[in-house]
Amino acid sequence: MKKSILFASFFIVLASCSSTKKRPMKITTISDTADVRYENANSDLLAGKMERALLQFSQARDLAYSVDNADLLCRINLSAVAYKVSSGNLDALKKAENFIDASSAEELLKDARFFATKTEREEFLSAVCTVYDVRLELARGKKNVSTYEKSLLSCEKTLEKEPFYLANLHRTLGDVQILSKKYEDAQKSYEKAAELHTKNRYVSEIGTDWYGVARCRSLSGDKNGAIEAIENALKYDRDAENTSAIASDYFACAKILVKGKTTADEKKRAREFANWAAKIYKSGGFPFEAEACEKFAAQIK
């Protein structure tokens, strides 16, 4: 009886070991965790939650380094450049404890280019680096517009199969074209970015594209068209539950309404929008932005 049990147990173990279910030949647990932290950090950055973004970028970077994931390291460094641009502090800070504050935006971009060379997507990631290079140049106040436009267009074909990065290329192109006052071209670039982001369901990005469209229309004197574009931005920023972006949209409406010749009704609406933006900013923990909205509203006579 005992032999029979042992014999049966042997075949059970043998059957389990020879199962047709294939064992994975690649473990991605740490890389997957790093990627989640990276995506969360990007979401925090878009929402203006800078401290949380900083922490998650640092955690993602450490994890990516631990498994030699150069592709992810490249993308993390590019997002770090975006962080520097968004924060307005492009230079390295003394005695900084995290890699973003401890580096200048240029150093972070240089590292991203290096990481790109260690991946199987060097051409693609190098093209993405070029887009971020232009963004950084613009943030530095440089205006080599024709050079930037050529650089971006030269990357378009390389990025065409990655809608997220292609959309950001078009958005950056819009920023360049605004500098040269090519407002109609810039609007088309922002609309192309919005189309790509919408088609591929990058909800957190779409509002920024429509905000760009509003800028173009406002700068070209189309006040009603600008308000319409901001309303589109507001719709998508609500869908993304992006508090700071929602408040920024309302504040932008207020600013657009008081541009040029204004009616009493436009002034009234502008005050309402600015004060409403202040309430939203306060609810999200943005006191300085809220104060700026309240001051703006108070100055509208």
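**View A. Leu-93 touches Asp-101 and Ala-102, leaving aside residues up to four places away in sequence.** A contact here means heavy atoms within 4.5 Å. This is a predicted model, where local features need pLDDT of at least 70 and side-chain atom pairs count only at pLDDT 80 or more, while totals for chains, interfaces and linings use all residues. Residues are numbered from 1 along each chain as its sequence is written, and side-chain values use heavy atoms, with hydrogens and water left out. Leu-93 sits in the loop between α4 and α5; helices (H or I, at least four residues) and strands (E, at least two) are DSSP runs, numbered from the N terminus. With a relative accessible area of 36%, Leu-93 is partly exposed. The cut-offs are under 20% for buried, over 50% for exposed, and partly exposed in between (1.4 Å probe, protein chains only).

**View B. Lys-95 and its backbone angle.** Stay in the loop between α4 and α5, where Lys-95 has its place. Lys-95 isn't a glycine, yet its phi is positive, near 60°. Its relative accessibility is 85%, so Lys-95 counts as exposed.

**View C. Asp-68 has a positive phi too, at about 60°, although it is not a glycine.** Look for Asp-68 in the loop between α3 (50–66) and α4. Asp-68 counts as exposed, at 59% relative accessibility.

**View D. Arg-75 and Asp-35 join their side chains in a salt bridge, 3.6 Å from N to O.** That term covers a side-chain nitrogen of Lys or Arg within 4 Å of a carboxyl oxygen of Asp or Glu. The pair ties together distant parts of the chain: Arg-75 belongs to helix α4 (residues 70–87) and Asp-35 to helix α2 (residues 29–46), 40 residues apart. Arg-75 is buried at 16% relative accessibility, whereas Asp-35 is partly exposed, with a relative accessible area of 28%. What else does Arg-75 touch, not counting residues up to four places away in sequence? Besides Asp-35, the list runs to Tyr-38, Arg-121, Leu-125 and Tyr-165.

**View E. Arg-140 forms a salt bridge with Asp-91, with 2.8 Å between the closest N and O atoms.** This one goes loop to loop across distant parts of the chain: Arg-140 lies between α6 (122–139) and α7 (145–159), Asp-91 lies between α4 and α5 (105–117), and 49 residues separate the two. Arg-140 is partly exposed at 32% relative accessibility, and Asp-91 is partly exposed at 41%.

**View F. Arg-217 meets Glu-191 in a salt bridge, 3.7 Å from N to O.** Here the distant parts being linked are helices: Arg-217 is in α10 (residues 203–219) and Glu-191 in α9 (residues 183–199), 26 residues apart. Arg-217 is buried, its relative accessible area being 13%, while Glu-191 is partly exposed at 29%. Side chains of opposite charge can pair when their charged atoms come close. How many salt bridges does a search of the whole structure find? It turns up 20.

**View G. Stepping back, the chain has 14 helices and zero strands.** Its radius of gyration (taken over C-alpha atoms) is 24 Å, well over the 19 Å that the globule rule gives for 301 residues, so the chain is more spread out than a compact globule. That rule is 2.2 Å times the number of residues to the power 0.38. Along the principal axes, the C-alpha atoms fill a box of roughly 100 × 45 × 45 Å. Of the 301 residues in the chain, 43% are buried. Take the contacts between residues at least 6 apart in sequence, and 56% of them join residues at least 24 apart.

**View H. The surface and charges of the chain.** The accessible surface comes to about 17,200 Å², with 52% of it belonging to carbon and sulfur atoms; areas are from the Shrake-Rupley method with a 1.4 Å probe, and for residues only the protein chains shown count as cover. The chain carries 48 positive and 43 negative charges, and their mean positions are 2 Å apart. Lys and Arg count as positive and Asp and Glu as negative, with His and the chain ends not counted. Each charge is placed at NZ of Lys, CZ of Arg, CG of Asp or CD of Glu.
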